[in-house]
Amino acid sequence: MSKDALFQDVIRKRRSVRKFEPGRSVDRDVLQRIVDCGRWAPSGANVQCWDFVVVDDPAVRDRVMAVFLRQAQRLVDHAKGFPAVKKTYLANTIAIIFVLGDPRWKACFPQATSEEWDAEYRANNEAIFLCSLGAAVQNIQLGVAAEGLTSAWLSGGGEDETNRELAEVLGYPVWMKAYGTIPIGYPAADQNRRYRRPLGQLLHWNGYQPHQYRLHAQVDFYESTLRPFAMYRDEETMTNWPDRDEMLGDWKEAFTGDITNPDHMLEAEADFSKPRIIGQATKRRKT
Ligand SMILES: Cc1cc2nc3c(=O)[nH]c(=O)nc-3n(C[C@H](O)[C@H](O)[C@H](O)COP(=O)(O)O)c2cc1C
């Protein structure tokens with residue numbers, strides 16, 4: 001197998017697995033190699049606006065799990081409808097890595113020299129900061145996969161209350177934030193595949209192709225109906241879903257083929273800050 005093929009394998013093997021074999025452990029050498037992958041991630045202005053806290057002490061892990069069980073309950077109470085798995089699986093991790101974002105380093109990204117441009121550069125600073133942290137989380141997850149282990153990517157530490165609780169358990173300044181929490185373990189289930197859009201649908205050659213544009217209504221349909229299945233089913237393509245016709249209806253081609261928008265019409269910007277319809281998956285949400 002060529003080196004490149006091996007790398008592609010690691011990319012595909014990286015999976016969000018939320019079920020680990022109990023009673024396992026791993027050497028710190030392995031965890032150090034994994035964190036080193038995070039260290040080599042790119043960051044805006046090379047600020048390396050992160051710290052990595054590795055929890056491999058079961059007593060600390062249990063306190064972290066308690067934080068995430070409360071976080072999950074808050075999701076149920078305040079953001080009902082989002083598909084989630086019970087976080088008791090954290091008890092079976094061999095380690096949990098926290099990617100802390102240090103916001104002071106945003107000062108090193110491009111700063112506006114007048115009021116007029118302040119909002120624009122501030123927004124871009126935030127994007128650079130978050131993208132850098134995302135790259136670090138991704139590198140760590142790939143490092144985990146390369147070691148034959150598996151992980152998940154939990155974003156709950158980015159919620160203010162959860163971050164406050166984590167800062168107390170782990171001892172970091174509360175103005176830093178645990179943007180990424182990566183539970184690591186040996187997979188208890190074989191989850192090799194996960195839904196991905198077909199390559200021909202998302203690859204645009206030499207410019208954005210309107211026939212590959214996804215309509216607002218397609219986003220709505222995913223949010224209201226398909227989301228939990230696309231997140232958890234062990235299939236790369238929806239074509240393999242046994243109930244695909246019933247699940248996808250008129251949206252079959254748009255989710256399984258290369259042409260999502262046969263009319264080639266692009267739509268105007270709308271309010272993208274909240275879902276536009278309330279469907280099956282979010283039916284309990286109050287408007
Ligand atoms: C920014 C980000 C936040 C995520 N937050 C969570 C989370 O809080 N809990 C969780 O179980 N998975 C979370 N995930 C994992 C996604 O659900 C998962 O990556 C997606 O469903 C695709 O599955 P795969 O990672 O197995 O390919 C997150 C992923 C990303 C990139």
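Predicted model: local features only at pLDDT ≥ 70, side-chain atom pairs only at ≥ 80, totals over all residues.

Reader: Okay, sheet to start. What's the strand order?
Author: The order is S1-S2-S4-S3, four strands in an open sheet with antiparallel pairing. At the edges sit S1 (50-55) and S3 (150-151), each of which pairs on one side only.

Reader: How many bridges join S1 to S2?
Author: Six bridges, with S1 and S2 (residues 95-101) running antiparallel.

Reader: And which residue does Asp 51 stand opposite?
Author: Leu 100, in S2.

Reader: What lies across S1 and S2?
Author: That's helix H2, residues 28-39. H2 runs at about 160° to S1.

Reader: Switching to H4: how many residues does it have, and how far does it reach?
Author: H4 covers residues 118-146, so to speak 29 residues, and spans 42 Å from first C-alpha to last. That is close to the 42 Å expected at 1.5 Å a residue.

Reader: What follows H4?
Author: Gly 148 does, and its phi is positive, near 80°.

Reader: Back to H2. How do the axes of H2 and H4 cross?
Author: They cross at roughly 150° and come within 7 Å. The crossing is right-handed.

Reader: Which residues make that contact?
Author: From H2, Arg 33, Ile 34, Val 35, Cys 37 and Gly 38. H4 brings Ala 136, Asn 139, Ile 140, Leu 142, Gly 143 and Val 144.

Reader: And how does that contact divide between nonpolar, polar and charged?
Author: Seven nonpolar, three polar and one charged.

Reader: Last topic, the ligand. Which residues are around it?
Author: Arg 15, Ser 16, Arg 18, Ala 152, Trp 153, Leu 154, Ser 155, Gly 156, Arg 194 and Met 231.

Reader: What about classes in that shell?
Author: The shell around the ligand has four nonpolar residues, three polar ones and three charged ones.

Terms used: Residues numbered from 1 in each chain as written. Helix = DSSP H or I, 4+ residues; strand = E, 2+ residues; numbered from the N terminus. Expected span 1.5 Å × (residues − 1). Pairing = 2+ DSSP bridges. Contact = placed C-beta atoms within 7 Å. Axes fitted to C-alpha atoms, helices over the stretch in contact; angles between N-to-C directions. Near = placed C-beta within 6 Å. Nonpolar A, V, L, I, M, F, W, Y, C, P; charged D, E, K, R; others polar. Left-handed = near helix turned anticlockwise from the far one by under 90°.
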